[in-house]
Amino acid sequence: MTTEPAYDAFGPVRAVADAILYEGYLLYPYRRSSGKNRVRWQFGVLTPRAWTRARGPDDTGVAGSAEGWWQRTQCLVRAPEGVRVHGVLRFLQLQRKTVEELVDGRYRPAEDLDAGERREVPFDEAVPREFPFTFVLGSEETLTFTVPGGRDAQEVARADGGLAGRVVRTRWRLQATARISAEPAGEGPDGPLARLSVRVENAAEGVAPGTPREEALRFSPLACHLLLAVEGGAFVSLLDPPEWAAPAVRGCANVHTFPVLAARDDALVLSSPILLYDHPKVAPESPGDLHDSGEIDEILSLRTLTLTDAEKREARATDARAAAILDRVDAMPPEVFERLHGALRALERPEQPEADASVVVAGVRLTAGSRVRLRPRRRGTDPQDRFLEGRTARVEKVLADMDDATHLAVTLEDDPAADLDRWYGRFRYFAPDEVEPLAQGEAAR
């Protein structure tokens, strides 16, 4: 085991990993006085062991919103013993911001520090931490990560140059361990299969069971997650595994985190406390993080513009990330807002123009103009689509969504408004497994 700089493979997933790191960090309307911002840190929180166990038995579910003192990532890797796996453990360290006013030459705690253009209020911030490591398949290691505590003070001046007070930021020591191992999990079509296990634990000591949550969080890694990359091998999807790997996938038991594929060659995994699909990515239209759970950029950006000047001033005083959101939204040009309204993505085929995007269904290649019969799923679909069972339709476009799932945009052949819908771009959408290809001359029936 080494802690050398991480294998240079994590670039493709950094944007998504950073979004996970700060998910729920600060919620609209981004002010300390907002009730939503008084109960924070909801995902990937590793609380101290004794404190956690005093509140009940260990939760061993996959949901990263359930607090526990440990989390476990188990995934399958197609590689022989001796191959190196590189990892990065990432989390936030709580940093408590307090303000002190200067009165008669002495600093004293205050609920607000107003220095004219600059205002500061107490708030819990966070500092990102990450620890790279390298592990060799076939070995078993335990690694300890320590983050020191600290205290920083920053003076705040008034407009006339005198001191109004200071901002004090305090951090507490964190300690975590990672227990890493791998065991054989069978044979794949191109070689051995191994089950890789990484158990991350909060190793903090001395936190009493009766400690309030807001104080226990001082000694807790927050938004804890893991990046893994394998040299000369590939990971297996746990969400959509090949048939030969299904038994080994059932043997993987993830706790409070879940690994998904994060690179096109399947050599990279993001193990996240928030459930994701394979190959997650940030929409290119998004101009920046809004931190809000389940955020919709357009709605939150528009609502941010409705904040009063007083509310914006409080948000800026709350946190530097809130101030950055306000600056970005205030300066956002109309064309950026227009992009936030929505986007359709043509299926990516570098050698072909968008009009030639296609998908093969039942051995038939479907493109724009192909005829299909609709067979909506009986479960997990829009109930209204069930009324279209057996109807025939014309494929207008073959599209891919943000998760690279393929969709067919269609118009109904017997719909008198089909030409108008085609002109407006108003289509019905079906997955490839919800249609049957038809020959051009086949009757509608």
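Student: Is Phe133 buried or exposed?
Tutor: In this predicted model, Phe133 has a relative accessible area of 2% and is therefore buried, since buried means under 20% relative accessible area.

Student: And what is the geometry between Phe133 and Phe145?
Tutor: The ring centres of Phe133 and Phe145 lie 6.5 Å apart with their planes at 50 degrees, so this pair is tilted.

Student: How many aromatic pairs turn up in the whole structure?
Tutor: A search of the whole structure gives 6 aromatic pairs. One of them joins Phe131 and Phe145, which are tilted at 45 degrees between the planes and 5.0 Å centre to centre. Because Phe131 is in strand S6 (residues 123-136) and Phe145 is in strand S7 (residues 140-147), this pair ties together parts that are 14 residues apart in sequence.

Student: Are Phe131 and Phe145 buried or exposed?
Tutor: Phe131 counts as buried at 18% relative accessibility, and Phe145 counts as buried at 4%.

Student: Which residues make up the aromatic cluster?
Tutor: One aromatic cluster is formed by Phe91, Phe131, Phe133 and Phe145.

Student: Changing topic, what sits over the ring of Trp51?
Tutor: The charged end of Arg55 does, at 3.7 Å from the centre of the Trp51 ring.

Student: And which residue lies over the face of Tyr22?
Tutor: That residue is Arg321, which lies 3.7 Å from the ring centre of Tyr22.

How values were computed: Residues are numbered from 1 along each chain as its sequence is written. This is a predicted model: local features need pLDDT of at least 70, side-chain atom pairs count only at pLDDT 80 or more; totals for chains, interfaces and linings use all residues. Side-chain values use heavy atoms; hydrogens and water are left out. Rings of Phe, Tyr and Trp (its six-membered ring) pair if their centres lie within 6.5 Å; planes under 30 degrees apart count as stacked, over 60 as edge-to-face and the rest as tilted. Helices (H or I, at least four residues) and strands (E, at least two) are DSSP runs, numbered from the N terminus. Buried means under 20% relative accessible area, exposed over 50%, partly exposed in between (1.4 Å probe, protein chains only). A charge sits over a ring if NZ of Lys or CZ of Arg is within 6 Å of the ring centre and within 35 degrees of the ring normal.
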